[in-house]
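Subject: Handover of a structure and notes on it

Dear colleague,

Please find the structure below, together with its sequence. My notes on it follow, and I would be grateful if you read them with the structure open.

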Amino acid sequence: MEIRKLGEFGLIDKLTSLLEIKDKDVVVGFGDDCACVNIEGKLILFSSDIQIEGVHFIKEKISPKNLGWKLVSVNVSDIVACGGIPRWGLISIAVPENITFEYIQEVYTGIKEALDFYNFSIIGGNTSKSEKIIFDLFITGETDRFISRSGAKEGDFVYISGYTGLSRAGLELLLMDKNNYESWEEEVISFHTKPVARIDFVDVIRNANSCIDISDGLAGDLGHIEKQSKVKIVLEKEKLPVHPLLEKYCKKYNKNPYDYILYGGEDYQLAFTTSQKKEKGFLIGYVEKGEGVFLKEKTNLLRVEEKGFEHI
Ligand code: MG
Ligand code: MG
């Protein structure tokens with residue numbers, strides 16, 4: 001069977017069923033933003049994320065420095081989504097032999113900048129040859145409390161840490177291949193090429209009931225919380241924040257901003273649910289008994305979670 005028939009999540013399901021976890025110290029295995037083990041009372045988080053040329057990035061469309069920054073940020077985002085702070089990483093790189101050293105050095109400059117920003121270290125790794133450029137980061141973190149996708153409760157409030165949709169608008173702008181971009185368009189592009197993981201939300205997330213980072217799109221990623229928590233999530237359309245630059249983009253190119261806000265992907269904001277209202281982030285909806293992710297507009301309810309973005 002060709003794996004394209006399975007899709008990204010179908011493939012993950014099949015593969016994880018091949019590896020049974022029997023270790024009692026494993027608190028959380030496959031299926032969340034991080035795995036978690038209990039080492040003598042300390043909760044240690046593990047995650048990894050890869051950047052492959054032609055799949056996750058186009059070499060001509062992202063500077064090597066931003067590529068390095070992004071590699072680290074997307075990994076930190078998963079650690080923060082579980083309520084953790086990053087501690088150590090291992091990096092594997094595989095590159096074609098004709099790539100210049102200067103290119104790789106620039107990627108590492110971006111990596112170093114991100115490590116300083118998020119305050120952790122890469123302490124080892126591996127190098128190899130490949131036809132395409134591949135950077136893979138394995139990251140560890142620690143937390144006092146593991147925040148999962150499965151902890152949302154009826155009556156919770158649903159929050160996001162910031163605006164969504166800009167990354168996809170930025171990607172579309174990049175793919176337009178324009179000779180000249182206006183300065184506001186450059187700014188939109190930077191949401192795609194230089195995302196910032198919301199490490200500033202760690203304290204809020206540690207007190208949340210559930211959390212996920214938005215890599216595949218707000219609606220699809222909330223669908224993971226909804227399914228794993230066995231609840232219904234209702235988003236209130238008038239509460240979804242529309243970034244002024246997204247509005248500008250959608251006006252100029254005749255697009256619907258809610259397609260971007262709900263289904264954009266690669267935002268690396270955090271979506272979380274809490275029993276109590278919070279000062280930080282945008283309150284966008286609530287959790288009820290039932291199933292599905294819905295968008296509420298006045299009295300209309302529209303089911304929305306099924307348009308997520310998959311890499312395969
Ligand atoms: Mg994630
Ligand atoms: Mg990820």
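I begin with one residue, Q51, which lies in strand β3 (residues 42-52). Please bear in mind throughout that this is a predicted model. Q51 has a relative accessible area of 3%; as this is under the 20% limit, the residue is classed as buried. Leaving aside residues up to four places away in sequence, Q51 touches H56, F57, L67, L71, V74, I133, I134 and F135.

The domains

The domain assignment divides the protein into domain 1 (3-143) and domain 2 (157-303). Their C-alpha centres are 22 Å apart. At the interface, 26 residues of domain 1 are in contact with 23 residues of domain 2. The area buried between domain 1 and domain 2 comes to about 2,100 Å², and carbon and sulfur atoms give 56% of it. On the side of domain 1, K61, K70 and V80 supply 27% of the area buried against domain 2, which is more than any other three residues supply.

Across the interface of domain 1 and domain 2, three salt bridges are found. Elsewhere in my notes I have a salt bridge between K194 and E113, whose closest N and O atoms are 3.0 Å apart.

The cysteines

A disulfide is a covalent bond between the sulfur atoms of two cysteines. How many disulfides does the structure hold? There are zero. C34 is accordingly in no disulfide, and the nearest cysteine sulfur, that of C82, is 3.7 Å away. C34 is buried, with a relative accessible area of 2%. C250 is buried as well, and its relative accessible area is 3%.

I hope that these notes will be of use as you begin to look at the structure.

With kind regards

Key
Residues numbered from 1 in each chain as written. Chains lettered and ligands numbered in written order. Predicted model: local features only at pLDDT ≥ 70, side-chain atom pairs only at ≥ 80, totals over all residues. Heavy atoms only, no water. Disulfide = S-S within 2.5 Å. Buried < 20%, exposed > 50% of the residue type's maximum accessible area, 1.4 Å probe, protein only. Domains from an automatic or database assignment. Contact = heavy atoms within 4.5 Å. Buried area = accessible area lost by both parts, 1.4 Å probe. Salt bridge = Lys/Arg side-chain N within 4 Å of Asp/Glu carboxyl O. Helix = DSSP H or I, 4+ residues; strand = E, 2+ residues; numbered from the N terminus.
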